[in-house]
Structure formats: structure tokens, C-alpha cells
Amino acid sequence: MALPTHADTLERVWHYTYLVICALIFLFLIAPIIIIIPLSFNSEPYFTFTEKMLSFDPTGYSMRWYDTLLTLGMSNPEAPRDTSWWADAWANATWIRAAKNSVIIGFFSTILATALGTLAALGLSRPEMPFRRTVMAVLISPMIVPIIITATGLFFFYSKTGLAGSYVGIIMAHATLGIPFVIITVTATLVGFDHSLSRAAASLGANPTTSFFKITMPLILPGVVSGALFAFVTSFDEVVVVLFVAAHDQQTIPRQMWAGIREQISPAILAVATILVIVSIGLLTAVELLRRRSEKMRGLSPG
Amino acid sequence: MADMTATSSGAAPQGLQTADGRPLKAALAASQARAKRRAFYLVAPLLAFILLTFVLPIGQLLTRSVSDPRFIENVDRSTGEVTPIMTGLRAWFKANAPGTEPDEAAYAALAQDLVLLAELRGQGDVGTRINYEAPGTRSLFTKTARKADDLEAPFKEAILDVDKDWADPVLWQAMRDASSRYTLNFYLAALDMTRDTDGNIVNVPEDRQVYLLLFKRTAILSVLITFTTLVLGFPVAYLLANLPLRYSNLLMILVLLPFWTSLLVRTTSWMVLLQSQGVINDLLVWAGIIGDDGRIQMIYNQMGTVIAMTHILLPFTVLPLYSVMRPIKPSYVRAARSLGATSWTAFRRVYLPQTVPGIGAGALLVFILAVGYYITPALVGGSSGQLISNLIAFHMQNSLNWSLAAALASLLLAGVLVLYWLYDRLVGIDNLKLG
């Protein structure tokens, strides 16, 4: 990217303009995500920086919106903050209950999506798989078909089969939405997989099961785990299917946020958003580390 | 292989054999079939799961789009019991050709059906169903069903006494249409068409057209969003592809972080930024570019939808572009320069053509995702920035015309599937990359 020594003035000007343009685009990408973090500490119910915040006056900042996340929905939020107060928050606070639901649904749908998706990816990456292309297209389609169509279809199907308003129904739907990500990441890992390793294991007397768990699994594990993280994020962020098929008391974090944004947006939403941004930074770091590990294992490391 | 069989068949009449005495050809075929079956068994559980939780529901959606049986059967809300209704009138429709003037027999059948309807408390549902085809007729059913028990022969006069609107031929045509289990009328409605009293298909008056307008808007906004993501994504992908890996991996995080951040979070931040009392307007006022009373309305309109969706879909353009640009050798451009091309010519004639697969993949993917977007337009689009998905949700949740929603969804699905097929042909779904 360095400017060649023979560049003329016009090329120099363009080079630096180009770098500025790129910086602005990166700002466009990242600024909206960063900006909500300081705003969530606003002591006033505004969505912009107050003068106190700009002059770094400590009274301009507060944790009050994070506090509402705990107290909203509690039976006795004014009580002294001892063990029973925390027990009350754990059992009754709206956001905590939503978080619990989200984690339960996310956990089980991830397990389901990862198990079925990894198995299918193993089959799909075999050259002798019949109708490979068609089957792959069908399995990836939940990612491509607009979510509103999936949700509408599920609404009709679930109200006929009695799965509407049940956890099983939501978990199955979220697993379906997460499966394409698992298949994509695991097949991508399997592309670089050296099949002579399994043959070597077989020639040394390992049966297919042993060879899978001892040889294949450790090598594709990074792909499987990043696929699982993708599936979890998909479920954790999904709101439309939940709106269409869940019962009224089955609140999840995105559903609660959706309601909050539509009815009356308060900086409490920004506090939730900040927590979610931190979660996604953690997940991204995990996936990046896994990718590097996988590249190193397969000898593709850039160094 | 063929030569070997030919020569060996000369020596041994059974052809080449395996150690246990089976013909080699058959043994090979059997082993290949076994390998095929094994591969298929691995995929089978997931395929069955997807058929159950995805393909079957889509099938239900398609069925629903051609059928709304609320004129034919009544479903009890608490017990789920299904009772056939309007049997008399449906028999009359079957016996008489379309366009027949409803006679005393027809009205008698109607009166009898209304008695049953009032017993089942189903007049609201039936009225709603007919209202879709003949607007403004719902109250006729509720009103007349309430008095159904008191109706006496001659029924024609008795019913017309309750409301003379019962004589309307549009209403009778609508009831005739609704008495068949399957109908294409919802597709007609979804394409802003309707049937006149003679049963001919005509366009609805221009001031009442809604859906075509929204399909058109969805297409235009999606093209616009695809274009802006390309314009913004291309320079970034070029920079990332030409930096040494250790720097580009770091900068790549700036592209991937939005990709991993919750959609609702990103939409919320745009609401915060773009509001008339929000950060960007405050910044512009502070910088003196606009006056305090001249704050720009950047949200709850098409502009809000376009800005927020461009941001959300940008990574889907950058990633395929990057993976195409990374392996392009800089020596081609250098060769062009050394042969006398200006840097612009070298870029346009040598570099750009090599990136076309990436541009195609990114643009097609972003377009496919954009036409079906729901959440972002619903939150930041206001009324002018709504897309077709929002209308489907409206008919599902507010107007409760589920069959029309299903017909709209089926049309959208058909469009998306054509694009998906195109994407698979041109790019291949195997090449879909996620960071």
C-alpha cells in the first residue's frame, strides 16, 4: 500500500485522499457501535451528549440506567440491597428473566444446530454424496429466505401442531436459523482436512468412531466451535420468530428491546445495548482466536 | 480400466474378480453405493429436521395463500371443533351459474345459514372473510345474523328489509368466490387486481393501489442500498487486501465487529445518532452548518432505512470483495503501468475486471438480504421507508388478513428464490464466507 517513490503530485494527493476516505468509512462502520457506550452512562434521559458529559463532569454520568435493568419488574425495588433484594431481582426483574429465557433458548438451539449441522457437514464434504448441490442449497436456505416469511410459515405450522407458545417450538425454529452458519463454517474447515489422516488411522486399526473422535474431531473443532458461536448469536439476536410464535410471557432480550424501542425508547435500552456490544466483542475475539488456531494447526498461518 | 477388463475377459470368462470370487465390477458398484449411502445417512437427520421445521411451514404458507376457509367452516376458538357452515347457500351457488340473479331460494338458504351462524357466533369471521373481497360488507353479516331467528318467509323481502345492501351483486359474487375452498383472489389482491361483477380480472383504481407500489419501492431501495454498500465497501476491501496481513487482520476487526453486533443494537444506535435531537444533528448545529430550527429529519423516512441498512449490510459486501481481491497479484497492474498506462487506466482496464466476481457476489447477496428486511425498516423507516416485509407483518398482526399476507410472502419468496438460484449458479453457495 506504500506510495511508490516515482509517484507524481496528483497521485500523492489521491493516495492521501483515499486513505482519508477509508478512515471515514471505518468510522461509519464502528462509530454507531461505540457511541452508545458513553451515552448509556448519561445521567439525564437524553440520547445525546449533555454539556456536563462533554466537560467530563462526573455528575453528568451515572449508572442509573443499568440500575433500572435490575429494578424494573421487581416486587420491592426500594428495599435495602441485601441477599433477599438480589433474590427478588433474580426471580422477578424483567430484564433478568428475559436474559434467562434467551440463554436457555440459545443454549439448546445451539446444541441442536451444532450436532445436526456438523454431522451433515461431514456428509456434505464427502465427494460421493448424492445430490450434493441441491441438498446444500436446501440446508442453507433458512439464511437466505426473509425472516418474515419463515416466521409466517412457522406461525401457521405451529398453530396447527400445537407447538405455538412452547419452548420446544422456539428452540427448533432457532436451531433451523442457526444451522446454515454451522454448515458453512464446518464445511470450510473440512475443505482443508487431509483425508489420508483418517485412512492412516483406519490402517492402524482404529474403527470409524475412534478415528472420528481421535483424528477428525480435534482438527475440525475450531470450525465447529465458531459455527456454534454463530448459531448462538443468531438465536440470541432473533426477534421476529419469537414475536410470531412465542407466548406472551416468553420474553427474550431482543423481544424486550423491540418492545422498548417501539413503545418508549429510554436510555435503559442503551445500557442493554452496551452489554450486548461487550458480549459481541468477546464472541468476536473467541472466533478470531479459533480461526488462528485452526490455521496454525493446518499450517496456513500467516505468521 | 476398459482395457484391463477386455484382456482379462479373454483369459477368464467371468471377468476380473475380487479375492472372495465376486466380479470386480459388481463389488466396486456395491462399495460405491455403500459410500453414497453412508454420506447420505450423515446428512439425513438434518435434512429431515429442515423439512419439518422449514420446508413444511413454507408449504403451509403456500397453502394458506390460496385458501381462507372461514366462509366454509367455523372453528370453535376454545374447543377447536370444526363445523361446516353456509351449506345451503353454497349448494345454491353450485346449482346456479355465476351471474344468476339471487332468487327467493337463495335468500331462504341465506336466512337458514345465518341462523346456524348466530348459534355458533361465527358471523364476525364470515363477515371479515367476505369483507376482503367486497369491502364494507362486514356489518351486514353481524347485523342480519342477530335478527336471523326472527326472519320469516318471504325471505328475500325480509332480508332486504334488514339491509337493502344485500341485493348488491358485488356481495353475491364475493360470497360465490368465497364458497370454493381454493381461490387465487389473494394473489390478485397482492398484485393490486380484483374481479369485477362479471368475474373479469381488472386493475384496482390507481389511488387504491398499495402493493405494487411497495414491491417497486422495495426493489428501488434495495438497489440503492446495494449500490451504496458497493461504493463504501470497495475502497475498504481494496485497502484491506493490499495491506500486510498483520495490519489488515486488525482493521478487519472493524468490519467484523458490526457483523457480530446485534441487529437491534445497531438499529438503536442509528436511532440515537439520526434523531432530530440526536448526536449528528447536535454536531451540525454546534458546527454552525445548520441552524437550531433547521435540524434535518434523517430518520423515520426512507433516508433512515437506507443509512441504517447500508451500515448493517456493508460487511456482506466487504467480505466477498476482500476474498477476491486478496489473491490478485500486484504485478499485473505494475506491468500495465510499465507499458505506459496511467494509474487510472491500469485500475480500470486491469484491476477492476479481476474483481468482478467479488462485486457480483457481494451485490447479489446484499440485494437478496435487503429485499426481505423487516426489523430495521420497521424501527427507523417511518411510513415512507417501509418495505414489503413490513406489510406482510401488518397483515399478520394488525389486519389479520393472513391469506393476503401469505400471498404477499409467497410472491416475495418466489423473487428471493430466483435470486438465490442465480447466486448459486454464478457464485456457488460453497463460496459463502463468514469472516
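Start where chain A meets chain B: in this predicted model, 13 residue pairs across the interface are in polar contact, both at pLDDT 80 or more. Here a polar contact is a pair of N or O atoms within 3.5 Å; within protein, one must be able to donate a hydrogen and the other to accept it, and residues adjacent in sequence count only if both atoms are side-chain atoms.

Next, select helix α1 of chain A, residues 9-39. With 14 residues, helix α1 gives the most to the side of chain A that touches chain B. (A helix is a DSSP run of H or I, at least four residues, and a strand a run of E, at least two, numbered from the N terminus.)

Now pick B:R337 and A:E11, whose side chains form a salt bridge at 3.2 Å, N to O. The rule, a side-chain nitrogen of Lys or Arg within 4 Å of a carboxyl oxygen of Asp or Glu, finds two salt bridges across this interface.

Zoom out: chains A and B bury about 8,400 Å² between them, 81% of it on carbon and sulfur atoms. That is accessible area (1.4 Å probe) lost on being put together, summed over both. Select A:F26, A:I144 and A:F156, which supply 8% of what chain A buries against chain B, more than any other three residues.

A note on the bookkeeping: residues are numbered from 1 along each chain as its sequence is written, while chains are lettered from A and ligands numbered from 1 in the order in which they are written. Local features need pLDDT of at least 70, side-chain atom pairs count only at pLDDT 80 or more, and totals for chains, interfaces and linings use all residues, while side-chain values use heavy atoms, leaving out hydrogens and water.

Methods: Buried area = accessible area lost by both parts, 1.4 Å probe.
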